[in-house]
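The notes are rough and in the order I made them.

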Amino acid sequence: MLVWVPVTFIVLLLFWIIIIYNRLVSLRNEVKNAWTQIDVQLKRRHDLIPNLVSVVKGYMDFERNTLEKVTAARTRAISALGVQGKALAETSLTQALKGLFVVMESYPVLKSNENAMQLQEELISTEDRIAFSRQFYNDLVANFSTAIETFPNNIIASSFAFHKTEYFSVGEDDKERPAAELYSRTR
Amino acid sequence: MPLTFIDIEKQKTWRIAVFFLLLVFMYFCVTAALVQGILLIIFPFQFIKSGFPLVTGNLLYLFVVFVFSLIIAAIHFFVSSLNAVEAIMNNLGAVPPDREDGIHRRLINIVDEIHIVTGNKRMMRCMVIPSLSMNAMAVADLRGDSVIAITEGLLSRLTRSQTEAVLAHEAYHILSGDCMETTVAASLFGMYAAMIERLQALGEEDSPGIYPVFFLFWILLKASQLLSMFVSREREYRADAASVRMTRNPLALAEALHRIGRNADGSGFIGSGLEMLCISDPQETAQQEEGVWASLMSTHPPIKKREEILLRMAHASIADLEKRVVKAGVASLTPAQSQGQYYVLNPERHWQGPCTVADLVSFPWISPRSWISTGPGQEVERASENVLIHAALAERITRSGQEFSPFTCPLCKQALHEISYEKTKVYQCNYCRGIMVDDARLPRIIVRREIACTERITSLARAATKDNQNRILMRKMQGKAVCTVPLVPCPKCHNSMMRTFYSLAYLIEIDRCNYCDIIWFDADELAILQCVIENKMTAGSDTLAE
């Protein structure tokens, strides 16, 4: 009779290990999925930029500098390699685009050009989507890290080789933000 | 006092769970009592003999009643909530967003963004309610279908980040299952109401045993309504917290709530029981009461309290909020006015002005060779030499290269061009500048204020309204309609259009075709109508006399 006690104990332990392992696996897969979503949005931005540049070029003859910066940043971002390289290139593209939006504000005629406004809206939406998918990814990474590091789970995590993943952040980009509150002005 | 949104969510979670359990418990009590009542009717003698027991000690009997009531309740829930979304959307007249409209496209983009930030866990459609009131609601039914609906009035009055905050709030209601619970609760109350009516009908005839049961139902109904209101209030706080968590922008939600709360146009009338699904209680904004009883019986927490919590997160105060909202309202109209004033030499060789670029370009006789100057004693130049005016005039020329539509202008008999006015598609004649608008798109154009009301339009509006007022008086005195201008044919179907005033409050003449549901505005009439409604120039009002 007494032999049943350790047997049930072992069975329960096995169940517990299996449940936690499965949970860690599904969290890890969600993190990977969220990472690919960011790529999708970045690509969308790459495709929209040439259209916007060609539409506003006719109106903004004196802003060649800004336009060229945007085009150059885009080319760099498409050809960037590696996680860090990509993140840096995408950040500089965001900066160039912000500069372009600020300049577009001083051309009121552009407001009546439907194409330009439409493209600007699409680009603003894309920036938002990139930000939201980054946010979602970071939230998932935080969840996963908590799950790996808290006490009962960390034993299982380390024995099955679950590793922490990196947050998607490139450090100091927010400090260089221009003063204009873009998204509230460009309706 | 919780300072961050995470703390608020944690605090409110367990309370909601407890309340909801109580609610479920009460539903089952009611159905058990209902079954008892039915048995009472069917087997009155046994019950009277044993002295009206409402709860007997017999376990098997209780279990049977429990299971039976569970089955009946389940059937009722499923039957009534299965197609709730379709029914509610049809009731409100909601339509999917219009892809040809700039602001609706922005709405579609925002809903996509919400899907991204929630990880695409659930597909939510969005619909637009063609009402000028300001409200948003979320509905979900047991089939898994879910919809976020927003009124035209709200969509056109909020900025992009404010719309995001409102939609995130509604999306949370759907994702957390609140909407399904609320729809189910609403259908349950329908069951009680129907039952009580039937009991009232029965009660006239007989059986003293009926009355205590009736009273019991009534008490349970009121108590469950009260409890459910507590639950829904807690849920609103929770949804506000979740919206901030998604958009990381508490200020935008506070501003949106502020605009909704102080809006004089109202939040519209939504059917009974559905108020719980909206972002703000339609009746609260109408009455603006605070105080214990009002706050007990309302389905939403008072807007002021919600704003305070949000503003505390943003380290701002309500005074700051007021200033920002007022500034934003003014700022959206000033782009035209801040451009600088010009004087222009008109064909009669008189200097006219000061006027803005928008006004200048709208003069029918303006040409690139007109002389303009920034002020007396300043340099005089040709209009084409000024960069801004040149660009505006060039815009007019390039616009005529736009797409022709199959519709013809009733006055000029030329094809109409598609243009975008207030971000929505309308058809304009390049010669007489008359505009054809679909009936469904007109409310949007009236609400939106992208295009400022120029001085010229305002004075034209006043003149037109006064003129029409006099005409109505003349008609009354002369006793019959005198129509001096012939009726024009419809651009689509070529039948004669009906000439009426837009409404008796706003006396602007328009031509309407009732077969095709379109409205024809002569040159400037659409701008005049917008100006009249914006400034509320009704017959006999003060703004008219200025």
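What follows are my entries, chain by chain and element by element.

**Entry 1: what I'm looking at**

This is a predicted model, so I read everything below as computed from that prediction.

**Entry 2: chain A overall**

I started with the secondary structure of chain A, which comes to seven helices and zero strands. Along the sequence I get the pattern α-α-α-α-α-α-α. Then I checked burial: of the 187 residues in chain A, 22% are buried. I also looked at contacts in chain A with a separation of 6 or more, and 79% of them are between residues 24 or more positions apart.

**Entry 3: where the two α5 helices meet**

I listed who touches whom. On the α5(A) side, the contact residues include A:Met117, A:Glu121, A:Asp128, A:Arg129, A:Phe132 and A:Phe136. From α5(B), those meeting them include B:Arg105, B:Arg106, B:Asn109, B:Glu113 and B:Ile116. By class, I have five nonpolar, six polar and six charged residues in this contact.

**Entry 4: a three-stranded sheet in chain B**

I moved on to an open sheet of three strands in chain B, with the order β1-β3-β2 and mixed pairing. The edge strands are β1 and β2, each pairing on one side only. From one strand to the next the twist averages 25 degrees. I also found helix α7 (residues 160–175) of chain B packing on the sheet, where it touches β2 and β3. The direction of α7 makes about 20 degrees with that of β2(B).

I followed the pairing strand by strand. β1 (residues 125–129) joins β3(B) through five bridges, and these two run parallel. One partner pair I wrote down is B:Ile129 with B:Thr151 in β3(B). β2 (residues 136–140) also has five bridges to β3(B), but here the strands run antiparallel. Across that pairing, B:Ala140 stands opposite B:Ser146.

**Entry 5: strand β3 of chain B**

Is β3(B) enclosed or open to the outside? Six of the six residues of β3 (residues 146–151) are buried, so the strand is largely enclosed by the rest of the structure. I checked both faces: B:Ser146, B:Ile148 and B:Ile150 point one way, while B:Val147, B:Ala149 and B:Thr151 point the other, and all are buried. Side chains in a regular strand alternate between the two faces of the sheet.

Last, I looked at backbone angles.

B:Lys413 has phi near 60 degrees. I placed B:Lys413 in the loop between β8 (404–408) and β9 (415–421) of chain B. Its count is 10 C-beta neighbours inside 10 Å, so B:Lys413 is exposed.

B:Lys423 has phi of about 65 degrees, also positive, although it is not a glycine. I found B:Lys423 in the loop between β9 and β10 (424–428) of chain B. Buried or exposed, then, for B:Lys423? B:Lys423 counts as buried, because I get 23 C-beta neighbours inside 10 Å and the cut-off for buried is 20 or more.

Terms used:
Residues are numbered from 1 along each chain as its sequence is written. Chains are lettered from A and ligands numbered from 1 in the order in which they are written. This is a predicted model: local features need pLDDT of at least 70, side-chain atom pairs count only at pLDDT 80 or more; totals for chains, interfaces and linings use all residues. Two residues are in contact if their C-beta atoms, placed from the backbone, lie within 7 Å. Helices (H or I, at least four residues) and strands (E, at least two) are DSSP runs, numbered from the N terminus. Ala, Val, Leu, Ile, Met, Phe, Trp, Tyr, Cys and Pro count as nonpolar, Asp, Glu, Lys and Arg as charged, and the others, Gly among them, as polar. A residue is buried if 20 or more other C-beta atoms lie within 10 Å of its own, exposed if 12 or fewer, and partly exposed in between; C-beta atoms are placed from the backbone. Two strands pair if DSSP finds at least two bridges between them. Axes are lines fitted to C-alpha atoms, for helices over the stretch in contact, and angles run from 0 to 180 degrees between N-to-C directions.
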